[in-house]
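Please have the sequence and the model at hand while reading.

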Amino acid sequence: MTEAKIATALMELGVLVFSLCFHEYGHALAATQLGDPTPRMLGRLTMDPRPHVDPIGTLLFPFIMFLAPGSFLFGWAKPVPVSAQNFKKPRRDGALVALAGPVMNLILAVFALATLLGLQVFGFFDRNDPMVEVVAQFLNFFVWLNVVLALFNLIPVYPLDGSWVLKAVLPPKWSYQVSRLDPYGFLILFGVFMLLRWL
């Protein structure tokens, strides 16, 4: 494995870890603002990555996927515990908490895109400097990854955020029927992964 490939892997892994932690912080912040103290009590209302990192899902799994030919970078962090009974309107507030994670990823994507465009406007990318290519690669990957994370998490399949949003907007009877598919959520997601790999 070349030094360039190792450096790229570490850069992309760093972006993924930061993005996943910011995603979970969004859940924790939204839940806290809506009246649930659980995330704060459990130390999840923080941008410190340590409480959010899952050793397998956030570090090992993405690194292995990066090394595997034909794979795409993906991972997950520890879900933020939420007690819905602390919300004034559990269904509505639960949906807002679920949406907060993808929204945080979109905020990161917009920020990175604005930075990229700003550097272009001020002529940064006109310089003949190896560092310019590194910065461009970093920002482009930052935008791409966070858009993908936001959209992927909105898929209405358990345990993704979209499943909680879907259950919140459906009538209770339909929501219950959708919940019966939860035990098969990981199988459905595995099918999605296989589909994405072949696209």
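Leaving aside its neighbours within four places in sequence, which residues is Leu149 in contact with? In this predicted model, the residues in contact with Leu149 beyond that range are Leu16, Ser19, Leu20, Phe74 and Asn105.

**Nonpolar cores**

- The largest nonpolar core comprises 23 residues, and Val15, Leu145 and Leu149 have the most contacts inside it.
- At least two residues of this core are supplied by each of helix 1 (3-33), helix 4 (90-121) and helix 5 (130-153).
- Helix 5 provides the largest share of the core, with 7 residues.
- Another core, of 5 residues, lies apart from it and includes Ala31, Phe87, Val97 and Ala100.
- In soluble globular proteins, nonpolar side chains tend to be buried together.

**Salt bridges**

- The whole structure contains 3 salt bridges.
- Asp182 and Lys167 form a salt bridge in which the closest N and O atoms are 2.6 Å apart.
- Asp182 lies in the loop between helix 7 (172-179) and helix 8 (185-198), and Lys167 lies in helix 6 (residues 161-169), so the pair ties together parts that are 15 residues apart in sequence.
- Asp182 is buried at 15% relative accessible area, and Lys167 is buried at 7%.
- Asp93 forms a salt bridge with Arg92, with 2.6 Å between the closest N and O atoms; Asp93 is buried, at 1% relative accessibility, whereas Arg92 is partly exposed, at 43%.
- Arg50 and Asp48 meet through their side chains in a salt bridge of 2.7 Å, N to O; Arg50 is exposed, at 68% relative accessibility, and Asp48 is partly exposed, at 25%.

Conventions: Residues are numbered from 1 along each chain as its sequence is written. This is a predicted model: local features need pLDDT of at least 70, side-chain atom pairs count only at pLDDT 80 or more; totals for chains, interfaces and linings use all residues. Side-chain values use heavy atoms; hydrogens and water are left out. A nonpolar core is a set of buried Ala, Val, Leu, Ile, Met, Phe, Trp, Tyr and Cys residues joined through side-chain atoms within 4.5 Å. Buried means under 20% relative accessible area, exposed over 50%, partly exposed in between (1.4 Å probe, protein chains only). Helices (H or I, at least four residues) and strands (E, at least two) are DSSP runs, numbered from the N terminus. Contact means heavy atoms within 4.5 Å. A salt bridge is a side-chain nitrogen of Lys or Arg within 4 Å of a carboxyl oxygen of Asp or Glu.
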